[in-house]
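Please examine the structure shown here, beginning with the arrangement of its parts and then turning to individual contacts.

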Amino acid sequence: MKRIPYFPGCAMKDQARDYERAAQAALAALGCELVELPRWNCCGTVYSLANDDLMRHVGPVRNLIRVQDMGEDRVLTLCAMCYGTLRRSARFVAADPERLSRINAFMSDEHDYRGGVEVLHLLGLLRDVVGYENLASKVVRPLTGVRAAPYYGCTLVRPREVGVDNPDQPEVFERVLSALGAEVAEFPYKVECCGAYLTVGAPAIVAGRVRDIVASAAANGADLIVTSCPLCQFNLEARRPGIGPRLPVAYLGQLLAWALGADACLPPEAEALIQGTTPAAAGAQQR
Amino acid sequence: MLTVYIMGKGYRVPEGLTIMKAMEYAGYRLVRGCGCRGGYCGACATVYRLPGDYRLYADLACQTTVQDGMYIAQLPSTPAERADYQLSQVAPRGEALLALYPELARCVACNTCTRSCPQKLEVMDAVQAALRGDIRQVAELTFDCVQCGLCAMRCPAEIAHYHVWQLARRLCGAYLTPRAQHLARRVAEVESGAFDAELDRLMGMGKDELAKAYQARDIEP
């Protein structure tokens with residue numbers, strides 16, 4: 001088993017437990033053991049754009065120190081938001097030793113962060129560590145016939161310097177879904193923002209965006225939307241319009257687990273769709 | 001003898017005293033900021049600095065001995081609002097803590113709370129557990145909290161930690177911990193009048209007799 005240091009983030013322990021359980025099971029099937037950081041704190045959620053407010057970078061950098069304390073130089077996230085925030089903070093301190101030394105001086109209760117911890121997202125791990133072909137060879141329940149729309153959202157691909165792939169024409173999500181046997185529904189809204197935290201104060205704005213995203217996926221033949229962010233997942237599910245297409249939404253980790261024959265913890269709508277579509281599903285049920 | 005500065009004024013006090021006793025030696029009569037004198041009640045929150053050291057230390061006055069040159073200030077009370085709730089109406093779900101204490105989300109993980117805890121609790125880890133809705137973990141991490149309020153006074157996010165911890169422990173005790181079966185049996189015993197005769201006997205005793213009985217009571221080893 002390959003040991004991969006793992007930063008869960010808050011949502012994986014609450015709203016997105018199913019994503020975590022499914023991803024852990026799926027990665028175990030791929031020979032990767034997720035080793036949760038023994039201590040960790042919130043990534044910071046929204047990356048701070050204030051260059052001079054170093055306090056906002058203390059939280060993310062503290063997590064990077066935890067990775068360093070494990071004797072490791074990389075850490076995996078499942079959440080796109082944690083991925084963006086941790087990765088950007090790592091770059092922020094790498095870009096300016098003065099900032100890093102001030103943050104280190106403030107955190108006198110920790111070892112100094114030396115830099116160099118790489119933050120990975122599940123998609124990047126599947127591409128760079130597991131490999132598409134290797135992934136495809138491990139599939140036992142191919143998602144044949146499922147037309148899945150890969151929804152990147154923002155923080156996986158933007159800004160460019162931290163994105164897991166090209167911000168305008170990414171392909172890693174598509175390649176992974178193809179490796180799982182799904183048909184990929186290309187749709188132009190795949191890197192549009194879902195509205196994120198406006199869901200708290202201005203849910204109508206989010207509902208409008210979600211309506212467009214879902215309609216675009218449906219118009220391009222999708223019968224399922226796949227996410228990698230608990231906030232996107234929440235918005236796409238909870239803010240779906242009451243009329244028009246209501247596509248099921250599932251996490252990447254859940255489809256991965258399904259295809260690899262692991263416990264997928266799928267939401268009922270998505271599970272029903274996959275059960276009803278894939279030829280392997282009937283056989284899998286009998287097992 | 002050594003010199004300490006209490007609320008900005010210098011005093012010569014004997015070595016080996018606690019901060020609390022040194023204050024009394026210096027002539028203070030403590031009507032607030034003093035309770036059990038045993039480190040349990042959390043009333044005597046105190047901050048101090050030492051000469052040549054920039055750090056602001058926080059501790060309980062009854063548990064900390066004076067050092068030469070110590071600058072001492074007491075914080076007899078922490079202004080903090082406890083959320084208004086009926087425990088029976090609060091579901092023990094992750095969002096319960098955040099719903100009643102939304103300022104938890106302002107935590108930037110600076111760890112100042114942990115550094116200021118006289119009980120040496122992992123206070124920031126508890127805030128983080130609260131943020132991710134792990135009520136049981138919060139209750140476990142804060143079991144030894146004495147509610148002195150020092151974390152709340154130092155927190156840049158202005159969280160009133162100890163009120164949150166109390167809610168978490170209450171939720172944990174009320175909903176997440178198995179019920180003690182012997183408690184129900186004992187309550188039934190009390191209600192059936194099993195102890196009435198013994199209570200009547202005690203109520204009928206004079207002061208001296210009662211004192212004697214108290215001295216001779218069974219004490220757990």
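This is a predicted model: local features need pLDDT of at least 70, side-chain atom pairs count only at pLDDT 80 or more; totals for chains, interfaces and linings use all residues.

Residues are numbered from 1 along each chain as its sequence is written, while chains are lettered from A and ligands numbered from 1 in the order in which they are written.

Chain A is assigned domain 1 (2–122) and domain 2 (142–286), with bounds that come from an automatic or database domain assignment. Taken over C-alpha atoms, the centres of these two domains of chain A are separated by 25 Å. Where the domains of chain A meet, 23 residues of domain 1 are in contact with 24 residues of domain 2; two residues are in contact if their C-beta atoms, placed from the backbone, lie within 7 Å. On the domain 1 side, the elements that give two or more residues are α1 (17–29) and α3 (80–94) of chain A. Helices (H or I, at least four residues) and strands (E, at least two) are DSSP runs, numbered from the N terminus. The most is given by α1(A), with 8 residues. By class, this side of domain 1 of chain A has 15 nonpolar, 3 polar and 5 charged residues. Here Ala, Val, Leu, Ile, Met, Phe, Trp, Tyr, Cys and Pro count as nonpolar, Asp, Glu, Lys and Arg as charged, and the others, Gly among them, as polar.

Within chain A, A:G9 is found in the loop between β1 (2–6) and α1. Is A:G9 buried or exposed? A:G9 is buried, because 27 other C-beta atoms lie within 10 Å (buried means 20 or more such atoms, exposed 12 or fewer, and partly exposed in between, with C-beta atoms placed from the backbone). Leaving aside neighbours within four places in sequence, A:G9 is in contact with A:C43, A:T77, A:C79 and A:C82.

Between the chains, 12 residues of chain A are in contact with 14 residues of chain B.

In chain B, helix α4 (residues 123–131) and helix α7 (residues 161–176) pack at an angle of about 60°, with their axes 11 Å apart. Axes are lines fitted to C-alpha atoms, for helices over the stretch in contact, and angles run from 0 to 180 degrees between N-to-C directions. The contact is made by B:V123, B:A126, B:V127 and B:A130 of α4(B) and B:H161, B:V164, B:W165 and B:A168 of α7(B). These residues divide into 7 nonpolar, 1 polar and no charged.
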